[in-house]
Amino acid sequence: MKKLLLTILFLSALLVQAQNPVVTGNPASYTVIDENIEILFNVAGATDRDGGSLEGKDLYIWSFSSAGDSKTNGDWTNINPAARLEKLSDTEYRLKFPITDGANTYRTLAELYGAEAAPGSITSIGYLLRDQAPTFQTNDLTIPFAPFKFIENEVRTFPSQATTKDVVLFRFNKNFSGISNPAMIGAQNITLHVAPDVDALLAIEIETNFNGQYYEAAIIPAETFQGLFNAGTLSTLEYYFFDTDNPTIQSAQEEIILRPAAN
Amino acid sequence: MKTLKYSLLLSIAFIFMQCSPDNEGTHGDIVDRNEQLTGTWSIENVSQIDLDAEKKGFPDFATRVDITNAISGMPFTDFTLQINNGTLSTTIGNSPMSYVISEGSGTWKWISDDTVNLVNQQLGINASSGIETEINGNSVLFLIRTYAGITGDNPKLSLNYERLDASGSAVTRYEYILAKQ
């Protein structure tokens, strides 16, 4: 009975000792397309999967994502030197972007996992820490990151980014929960007001259509503000919506910065 | 024994001679994309895709919008494209297509190996294929991501156009569905 108790105590002690590294970011929250981020691993008290301490060891990261494995993994028995974590102290290690691997540079997590064309396909990132050989390794662990999230707004454009020659749709969402001016909810007819920031006198006003969800109207900025477009000064448009029957009732104002078009 | 051997050899040679290609059937006929593109096409529908939203995997309503009649007085349906063998002409009307392609007559050519890679065409492996048009010195690239619908009673041509910013990054994609007149 004594032996059994001792065994249980011993196993419990082992379980208590087994601890995973604590992963944090700098900045604290980052997405897979953010550049110049740092991922920090605090290994104070952390152990490999056999209970060996990670503190002070030469650590390499072997990582994988839902979109593919890290391009700096190399082979399991011949890990890429670019996968070596920077040792800040015996307990603090760092993976710092951009990561240079010979002629290749990975500026973001999306690039590291070969998903720069579709970063939204990265829904999870796993990793383990190990030494070069490897003679030890941790269990499979997780690197947290902020997912992409579409944020609805009272007023916005579609697309969110556009050139001067794109069709730009301006939208007002009357049902937005945080609407800035509740009086707009009662508006029966809604007009869009758009003005270039360089010349408010060129402002235009267009009656919107209701598509079942949004009050919206579209323009091609290069067409609507042809003079500025031809002069090469068409860039930022400021816009808001107002109650056609009572123009003093207005929505929030936003702006869109247009890019020059190459084609 | 010798006679038997020669007979066997002759028989085998005869069998192989019978394995010549069958040119009489219609199954597996080569698709002539030039012919399929020939005709007068009018825009029926236009979708605009926010490429940043698409990259981030945002929901469909935040990624794609039907803009066929989005601009008052400027319906995309005004646009007509007449394609002949190597030449083409456009009619813009009031459509916003003047910000994509010039009005008038010009030439067009394939921008991939479609004309020679007939096997791929038959299998529909033309993901990066398309046409380059040139009117009055202005060239425009249209991608053809699918040939689905180009045959049948009511043929449809699917052309995609990507708008680039000054740094060469694609900002938006326009998906035009044109109906044969």
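Four strands of chain A make up an open sheet whose order is S4-S3-S11-S12, with antiparallel pairing. Strands here are DSSP runs of E with at least two residues, helices are runs of H or I with at least four residues, and both are numbered from the N terminus; two strands pair if DSSP finds at least two bridges between them. Strand S4 (68-69) and strand S12 (141-142) of chain A each have a single partner strand and stand at the edges, so one side of each is left without a neighbour in the sheet. Two bridges link strand S3 (residues 60-65) of chain A with S4(A) in the antiparallel sense, and A:Phe64 has A:Asp69 as its bridge partner in S4(A).

Before we go on, a word on the model and its labels. This is a predicted model, in which local features need pLDDT of at least 70 and side-chain atom pairs count only at pLDDT 80 or more, while totals for chains, interfaces and linings use all residues. Residues are numbered from 1 along each chain as its sequence is written, and chains are lettered from A and ligands numbered from 1 in the order in which they are written.

Let us turn to another sheet of chain A. This open sheet has four strands in the order S1-S2-S8-S7, again with antiparallel pairing. Its edges are strand S1 (22-26) and strand S7 (86-87) of chain A, each with a single partner strand, so one side of each is left without a neighbour in the sheet. S1(A) pairs with strand S2 (residues 38-42) of chain A over five bridges, in the antiparallel sense. Within that pairing, A:Asn26 stands opposite A:Glu38, and A:Thr24 has A:Leu40 as its bridge partner. S2(A) is also joined by five bridges to strand S8 (residues 92-96) of chain A, and these two run antiparallel; here A:Phe41 stands opposite A:Tyr93. Look at the two faces of S2(A): A:Ile39 and A:Phe41 form the covered one, whereas A:Glu38, A:Leu40 and A:Asn42 form the uncovered one.

Stepping back, chain A is divided into domain 1 (17-142) and domain 2 (155-257), with bounds that come from an automatic or database domain assignment. The C-alpha centres of domain 1 of chain A and domain 2 of chain A are 45 Å apart.

Now for the nonpolar cores. A nonpolar core is a set of buried Ala, Val, Leu, Ile, Met, Phe, Trp, Tyr and Cys residues joined through C-beta atoms within 7 Å. A residue is buried if 20 or more other C-beta atoms lie within 10 Å of its own, exposed if 12 or fewer, and partly exposed in between, with C-beta atoms placed from the backbone. The largest nonpolar core has 56 residues, and A:Val167, A:Leu169, A:Ala218 and A:Phe241 have the most contacts inside it. Strand S19 (residues 236-243) of chain A supplies the largest share of this core, five residues. Apart from it lies another core, of 29 residues, including A:Ile37, A:Ile39, A:Leu85 and A:Ile125.

Not counting residues up to four places away in sequence, A:Phe241 touches several residues, among them A:Val155, A:Phe172, A:Ile190 and A:Tyr215.

Where chain A meets chain B, the contact takes 26 residues from chain A and 24 residues from chain B. On the side of chain A that touches chain B, 17 residues are nonpolar, six polar and three charged. In this count, Ala, Val, Leu, Ile, Met, Phe, Trp, Tyr, Cys and Pro are nonpolar, Asp, Glu, Lys and Arg charged, and the others, Gly among them, polar.

Chain B itself has four helices and nine strands, and buried residues make up 24% of its 181 residues. Of the contacts in chain B between residues at least 6 apart in sequence, 41% join residues at least 24 apart.

B:Tyr161 belongs to strand S8 (residues 156-164) of chain B and counts as partly exposed because it has 19 C-beta neighbours inside 10 Å. Leaving aside neighbours within four places in sequence, B:Tyr161 is in contact with B:Val100, B:Phe142 and B:Tyr174. B:Glu54 sits in helix H3 (residues 51-55) of chain B and is partly exposed, with 18 other C-beta atoms within 10 Å. B:Glu54 and B:Thr172 are 118 residues apart in sequence, and their C-alpha atoms are 9.7 Å apart in space.

Notes. Two residues are in contact if their C-beta atoms, placed from the backbone, lie within 7 Å.
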